[in-house]
Amino acid sequence: MNQRTPLIAGNWKMYKTIGQATDAARRLVDAAGGVTHTEVMIAPAFTALSAVSAILADSDIYMGAQNMFWASEGAFTGEISASMLTDVGCRHVIIGHSERRHLFGESDDLIAQKVKAALDADLIPVLCVGETDSERETKKTFSILDKQVKSGLKGLILEAGREPVIAYEPVWAIGTGKTAQPGQVDEVHSYLRDLIARQFGEAIAGTIRILYGGSVKPENISVLMSLQDVDGALVGGASLDPEIFTRIINF
Ligand code: PEP
């Protein structure tokens, strides 16, 4: 492991009513609320943020949101702003998740606007990047990642201590049970860190956290965390059950 504090983040997607979310958050606080070897974040659905925030308040577990819009306020029906998220107690926000890119047509430009707005509001964006199956098969993995990272962070001046988090999530590994092989993860994470070094300098590249996401489970987290450039995980399905998520947190 390296010197960066890891982050294990749970993306609850469109699951859990307020009652189910608060129950899961309580069980997580009981099992892992005082965790110190890693940072932990859960991202419930918008409707549960307020109630979950109250439960996490006296614990070391952070709360994030799964999406936001870039404008600070206005006539944007159905959207939510960065300051609304900080107001409800979020510290992080997931941006550019592959489900947002592929199901809701989010472009690199829109994602870049969201990343900037999150940083401006003192939220930590978790910028998701990753190639599809066919892009990997046609050897486009690195050009796709290059484009997604460069455009996602376009025009930003990053400060140490206020860097975004990057999550490498190969689309073919999300929710499929197919985890990327350690060699594939290692190769991509080291590529991403070099890319950040070229764009933002060695200091930021040394402190920015790059998470892996895609069918992370208790059975594969230790191997993933042993890789030099893996600084944590973004966990979907396996974060929904507090017992299973706690086993991942205790990698
Ligand atoms: C995700 O939704 O970001 C994710 C990685 O999902 P899963 O862990 O279920 O593959």
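Is Cys-90 buried or exposed? In this predicted model, Cys-90 is buried, its relative accessible area being 7%. Cys-128 is likewise classed as buried, at 2% relative accessibility. The cysteine sulfur closest to that of Cys-90 belongs to Cys-128 and lies 15 Å away, too far for a bond. For Cys-128 the closest cysteine sulfur is in turn that of Cys-90. Because a disulfide requires two cysteine sulfur atoms within 2.5 Å, the count comes to 0 disulfides.

Buried positions in H1 are Ala-21, Thr-22, Ala-24, Ala-25, Leu-28 and Ala-32. These residues lie on the same side of H1, because they cover an arc of only 165° around the axis. An α-helix has 3.6 residues a turn, so residues three or four places apart point the same way. The packing partners of the buried H1 residues are strand E2 (39-43), helix H2 (49-56), strand E3 (61-65) and helix H11 (242-249).

Most residues other than glycine have a negative phi. Lys-13 has a phi near 45° and counts as buried, with 16% relative accessibility. Lys-16 has a phi of about 80° and is partly exposed, at 22% relative accessibility.

Conventions:
Residues numbered from 1 in each chain as written. Predicted model: local features only at pLDDT ≥ 70, side-chain atom pairs only at ≥ 80, totals over all residues. Heavy atoms only, no water. Buried < 20%, exposed > 50% of the residue type's maximum accessible area, 1.4 Å probe, protein only. Helix = DSSP H or I, 4+ residues; strand = E, 2+ residues; numbered from the N terminus. Arc of directions from axis to C-beta. Contact = heavy atoms within 4.5 Å.
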